[in-house]
Amino acid sequence: MWESNPDCLFCKILAGEIPAEIVYESDSAIAFRDINPQAPTHLVIIPRKHIATINDIETGDNALVGSLYSAARDIAAADGFADDGYRVVMNCNEAAGQTVFHIHLHLLSGRSLSWPPG
Ligand code: 5GP
Ligand code: ZN
């Protein structure tokens with residue numbers, strides 16, 4: 001059983017209490033469409049364990065966090081944008097724009113993405 005936080009929006013999505021368009025599921029992670037997409041494909045990939053921010057990742061979470069990248073790789077291959085390219089980004093705390101405090105990788109693809117980000 002994964003640790004969960006009853007006040008967390010993404011834990012509620014994991015529990016099926018709030019609907020989301022889930023496009024990927026593994027033992028350790030799920031991915032769903034962002035409600036406010038910033039690219040033609042904008043997915044949010046989250047671990048099944050509640051971890052509030054990158055600062056809260058423990059050594060024992062390394063495989064779990066790695067599985068978020070495996071999910072991105074597999075989704076990109078399955079959806080056919082692996083070769084064109086895509087971006088994964090994880091924001092940490094307010095200065096970086098984190099608004100949901102359950103770590104998540106944004107997976108963006110389908111348009112040209114500028115660098116550096118704003
Ligand atoms: P952050 O700003 O924390 O890096 O990213 C949070 C993301 O979650 C945002 O891109 C936001 O649009 C998305 N989001 C917030 N609430 C919901 C929701 O209820 N459902 C879905 N699918 N996405 C959400
Ligand atoms: Zn959570």
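**Pockets, ligand and backbone**

Modeller: This is a predicted model. The lining of the second largest pocket divides into 5 nonpolar, 1 polar and 2 charged residues.

Biologist: What volume does the largest pocket have, and which residues lie nearest its centre?

Modeller: Its volume is about 800 Å³. The lining has 33 residues, of which Asp34, Gln38, His42, Asn91 and His106 lie nearest the centre. These 33 residues divide into 17 nonpolar, 11 polar and 5 charged. Elements that each supply at least two residues of the lining are α1, β2, β3 (41–47), β4 (87–89) and β5 (105–109).

Biologist: Where does ligand 1 sit?

Modeller: The space that ligand 1 takes is the largest pocket. The shell around ligand 1 has 14 residues, with Arg33, Asp34, Gly97, Thr99 and His106 coming nearest. Both α1 (9–14) and β2 (29–33) supply at least two residues of this shell, which divides into 5 nonpolar, 7 polar and 2 charged residues.

Biologist: Why is the pair formed by Asp34 and ligand 1 called a polar contact?

Modeller: A polar side-chain atom of Asp34 lies 2.5 Å from an oxygen atom of the ligand. The cut-off for a pair of N or O atoms is 3.5 Å, so the pair qualifies.

Biologist: How do you know that His104 and Val100 make polar contacts with ligand 1 as well?

Modeller: For His104, a polar side-chain atom is 2.9 Å from an oxygen atom of ligand 1. For Val100, a polar backbone atom is 3.0 Å from an oxygen atom of ligand 1. Both distances are within 3.5 Å, and therefore both pairs are polar contacts. Of the 520 Å² of accessible area that ligand 1 has on its own, the protein covers 83%.

Biologist: What makes the peptide bond from Trp115 to Pro116 cis?

Modeller: Its omega is near 0°, and the bond is cis. Pro116 belongs to the segment after β5.

Methods: Residues are numbered from 1 along each chain as its sequence is written. Chains are lettered from A and ligands numbered from 1 in the order in which they are written. This is a predicted model: local features need pLDDT of at least 70, side-chain atom pairs count only at pLDDT 80 or more; totals for chains, interfaces and linings use all residues. Side-chain values use heavy atoms; hydrogens and water are left out. A residue is near a molecule or strand if one of its heavy atoms lies within 4 Å of it. A polar contact is a pair of N or O atoms within 3.5 Å; within protein, one must be able to donate a hydrogen and the other to accept it, and residues adjacent in sequence count only if both atoms are side-chain atoms. Accessible areas come from the Shrake-Rupley method with a 1.4 Å probe; for residues, only the protein chains shown count as cover. On a 1 Å grid over the protein atoms alone, a cavity is a set of points where a 1.4 Å probe fits but cannot get out, and a pocket is an open set with protein on both sides within 12 Å along at least five of seven lines; lining residues have an atom within 4 Å of a point. A molecule sits in a cavity or pocket if more than half of its atoms lie within 2 Å of its grid points. Helices (H or I, at least four residues) and strands (E, at least two) are DSSP runs, numbered from the N terminus. Ala, Val, Leu, Ile, Met, Phe, Trp, Tyr, Cys and Pro count as nonpolar, Asp, Glu, Lys and Arg as charged, and the others, Gly among them, as polar. Grid points are joined across faces, edges and corners, and a volume is the space filled by probe spheres set on the points.
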